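Colleague: I have not worked with this structure before. Could you show me how to read it?

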Amino acid sequence: MENHAPPGEAQPFTEIYGRNVDAVYRLCYVYLKNRADAEDAVQAVFLKLLRSGTSFADRAHERAWLITTAKNCCRDMLKSWWRRQRVDLETLPEPAAPDGGGAEGEMLERLFALPGKYRVALYLFYWEQYSVKEIAAMVGSTESTVRSRLQRGRNQLKLDLGGLTDGKNVEKA
């Protein structure tokens, strides 16, 4: 297969891909809840980057662009006619799960069971370590909405894990 990219362009794309593929995949998995669709979305995101020729001011700009593009791609996939016509993987005996077991794997399973608005906010805050302000910009919400989603999501996780239900002992974002 021939490389049609101008000299020197393949290496920066490879570096961007290597730095960000895991974060983009995990976010896509949070939205789409199965490995195959998440992999398709990751491919679409990086293909869009490759075709767009976008250049970034710094790594934070690069990562924010990829996260926003991944979010939009996943939302488009969730709205597609094809997705509404097929059987959801949750109805199958062995649902797909990310690699990793133990407490982190169990926590991710509980996280994936939450409604999307809580799931995405918690994932971006705890796993990707974005600030409330950054998450608000990425998902198109206010900071107070993101803080509320984090609080409610934490309370729901605490309930699911059998913790206290009064909400007083839950840390704030």
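Modeller: We will go from the overall fold to one helix pair and then to the core. Keep in mind that this is a predicted model.

Colleague: How many helices and strands does the protein have?

Modeller: There are eight helices and zero strands. Of the 173 residues, 32% count as buried. Among contacts with a separation of 6 or more, 58% join residues 24 or more positions apart.

Colleague: What describes two packed helices?

Modeller: The angle between their axes and the distance between the axes. Take helix H6 (residues 116-127) and helix H8 (residues 143-160): their axes come within 9 Å and cross at roughly 100 degrees. Angles of 65 to 115 degrees count as roughly perpendicular, and H6 and H8 are therefore roughly perpendicular to each other.

Colleague: Which residues in H6 and H8 meet?

Modeller: H6 brings Lys117, Tyr118, Ala121, Leu122, Phe125 and Tyr126, and these meet Arg149, Leu150, Arg152, Gly153, Arg154 and Leu157 in H8. By type, the residues of this contact are seven nonpolar, one polar and four charged.

Colleague: And how should I read the core?

Modeller: In soluble globular proteins, nonpolar side chains tend to be buried together. Here the largest nonpolar core has 41 residues, and Val24, Cys28, Leu66 and Leu124 have the most contacts inside it.

Colleague: Which helix gives the most to this core?

Modeller: H1 does, with nine residues. Helices that each supply at least two residues include H2 (35-52), H3 (59-79) and H5 (102-113).

Colleague: What does cysteine 28 touch?

Modeller: Leaving aside residues up to four places away in sequence, Cys28 touches Lys33, Ala38, Ala41, Val42, Ala70 and Cys74.

Methods: Residues numbered from 1 in each chain as written. Predicted model: local features only at pLDDT ≥ 70, side-chain atom pairs only at ≥ 80, totals over all residues. Heavy atoms only, no water. Axes fitted to C-alpha atoms, helices over the stretch in contact; angles between N-to-C directions. Helix = DSSP H or I, 4+ residues; strand = E, 2+ residues; numbered from the N terminus. Parallel < 35°, antiparallel > 145°, perpendicular 65-115°, else oblique. Contact = heavy atoms within 4.5 Å. Nonpolar A, V, L, I, M, F, W, Y, C, P; charged D, E, K, R; others polar. Core = buried A, V, L, I, M, F, W, Y, C linked by side-chain atoms within 4.5 Å. Buried < 20%, exposed > 50% of the residue type's maximum accessible area, 1.4 Å probe, protein only.
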